[in-house]
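Morning, everyone. Please look at the screen, and I'll walk you through what is there.

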Amino acid sequence: MTGRDVSLALLMVVVAVVIQTAVFGDGRINPFGSSPAFVLVVVLACARYIDPAPALLLGFTAGMLLDLLGGSPLGLWAMSYTVVVYVSLRFRDRADDGPLVIGVGVFALTLLANALFLIVGTLFGERFFTSTAVIKNILLPAVYNLAVASVVFPLVTRLLGSRRHLGWSS
Amino acid sequence: MQSFQRFDRSTSLFIVLLVVAFMLATFDVRSDGTGVGTTMRDGAQTLFSPLQEAASAVTRPVVGFIDALSDIASLREENDELREENDSLRAEVEEFAGVQAELELLRELNGVEVPDDLPTVVARITSPGSSSFDLDRWINKGSDDGISIGDAVIVEQGLVGRIDQVFDGSARVRLILDPNVRVAVRDAVTDQAGFVTGNNTDPLVLRIFQAEEAAIAGTIVETAGSRFPSGIVVGTVIETAADEAGFGLVAEVEPGVSFSSLDFVIVIVGYSPLDAQPQDDLLEQDPVESEEQPTDTTEPGAETTEPSSETATTEGSP
């Protein structure tokens, strides 16, 4: 892993944040009232190829950007994404790499990120649980992320994976 | 051993980042829209707004196409419903034409100030937030255009929300769907005052304490002054509801605005509700100027019945 890889990963995350906040969401691409967690997929894809410390910082930064450009208190997405990246780092050294593992991983980690965000947000006074739509907003992004991951992971592999491949199994 | 050390370092960093995130969240919630968090948001908005606008402009045709595709399944059903609705509305239009003319005449006679007479700024939605959980929108106008915190945001169909964060060239609109938002309202038929609260993506909830009459399905609920100019449509009562054994009336209200199709919005910049101003500012004002405050904040049923409900509204939201 080089500084160039980390810079490239950071650039991809920034582009993902712009796409997430400008293209996805209510009034944009938002099928069935929910949108994919595009940034999370990019973070998870990048985290396969960079060392643990930069990967954690990348997750934290991505979450912070979402917090800054969203309506939630600062730090909530940062916290969720940091936890999710940490979990993914632990698993990438143990699980066999492959489409199925990646799919299940992306699905489960998206669920985890959304659930953590809701729980921590509720502790900080956000009222997410007043509507049953909250379940839909946890599940649907995880499903959408499967489709997004099928495009993003190969792309990130092409950009970052040529020099070094840690993968979810290294 | 090397692997163990690396794991240990990353775990330490993980804990540090969690603590930082936790502290940031705590400070941000406690600072209530001021402080470092606002400065950071300002910086992020300044950096990302042009990128978001560019991305939005480039992808708009694609987004429109995908949006239309996802709607195809529901179009047939919606078409049938609309056909039926059209027939019944056609009959109602003739009936309401006379009532509308009478209402317009009464408005002229009473000299009621409608929101349209206030100065406004037209803005475009640049971002619908950063996740499916966000109940806010970012617009491409800010304090440079005269927008300030608390300004009401409307579209033709009614109330959208209010400005809760303002930067030089952008602002954040907190939607009335947010459970932290309360709007003092009046039943347009019975004139009973109450308040409407957001319920995420579900219908809004109307509460009227000591209701003497039922809220009838189809009745329009409109703002009753206070923090919003009066007379803005908030929504329509979905099902008839009456006061339940002295506990007050609770009814569901369908918002007048379709939040998923918002593109341009109007920000009312000329309205200055009395209770939104700091007390010190009021004391320093010229008494004559103070008397020139909008009179609709003193309308019956608006301030007297719900003085505190709206005070704890969007100002308290994150």
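I'll take the interface between the chains, then a pair of helices, then the salt bridges.

Keep in mind that this is a predicted model.

Start with the interface. How many residues of chain B are in contact with chain A? The count is 54, and they meet 58 residues of chain A. Together the two chains bury about 4,800 Å². Carbon and sulfur atoms give 64% of that area. On the chain B side, three residues lose the most area to chain A: Phe48(B), Ser130(B) and Phe133(B). Together they make up 15% of what that side buries.

Helix 1 of chain B gives the largest share, 16 residues. By class, the side of chain B that touches chain A has 25 nonpolar, 19 polar and ten charged residues.

Next, over to chain A, and two of its helices. Two packed helices are described by the angle between their axes and the distance between the axes. Helix 4, residues 76–92, and helix 5, residues 99–123, pack at about 145°. Their axes are 9 Å apart. The crossing is right-handed. Who meets whom? From helix 4 of chain A come residues including Trp77(A), Tyr81(A) and Val84(A). From helix 5 of chain A come residues including Leu112(A), Leu116(A) and Phe117(A). This contact has 13 nonpolar residues, four polar and no charged ones.

Last, the salt bridges. Side chains of opposite charge can pair when their charged atoms come close. Over all chains, the structure holds eight salt bridges. One of them joins Asp263(B) and Arg124(B). How far apart are the closest N and O atoms? They are 3.0 Å apart. Yet in the chain the two residues are 139 residues apart. Arg124(B) is in strand 1 of chain B. Asp263(B) lies in the loop between strand 11 (249–255) and strand 12 (264–268) of chain B.

Terms used: Residues are numbered from 1 along each chain as its sequence is written. Chains are lettered from A and ligands numbered from 1 in the order in which they are written. This is a predicted model: local features need pLDDT of at least 70, side-chain atom pairs count only at pLDDT 80 or more; totals for chains, interfaces and linings use all residues. Side-chain values use heavy atoms; hydrogens and water are left out. Contact means heavy atoms within 4.5 Å. Buried area is the accessible area (1.4 Å probe) that two parts lose on being put together, summed over both. Helices (H or I, at least four residues) and strands (E, at least two) are DSSP runs, numbered from the N terminus. Ala, Val, Leu, Ile, Met, Phe, Trp, Tyr, Cys and Pro count as nonpolar, Asp, Glu, Lys and Arg as charged, and the others, Gly among them, as polar. Axes are lines fitted to C-alpha atoms, for helices over the stretch in contact, and angles run from 0 to 180 degrees between N-to-C directions. A crossing is left-handed if the near helix is turned anticlockwise from the far one by less than a right angle, and right-handed if clockwise. A salt bridge is a side-chain nitrogen of Lys or Arg within 4 Å of a carboxyl oxygen of Asp or Glu.
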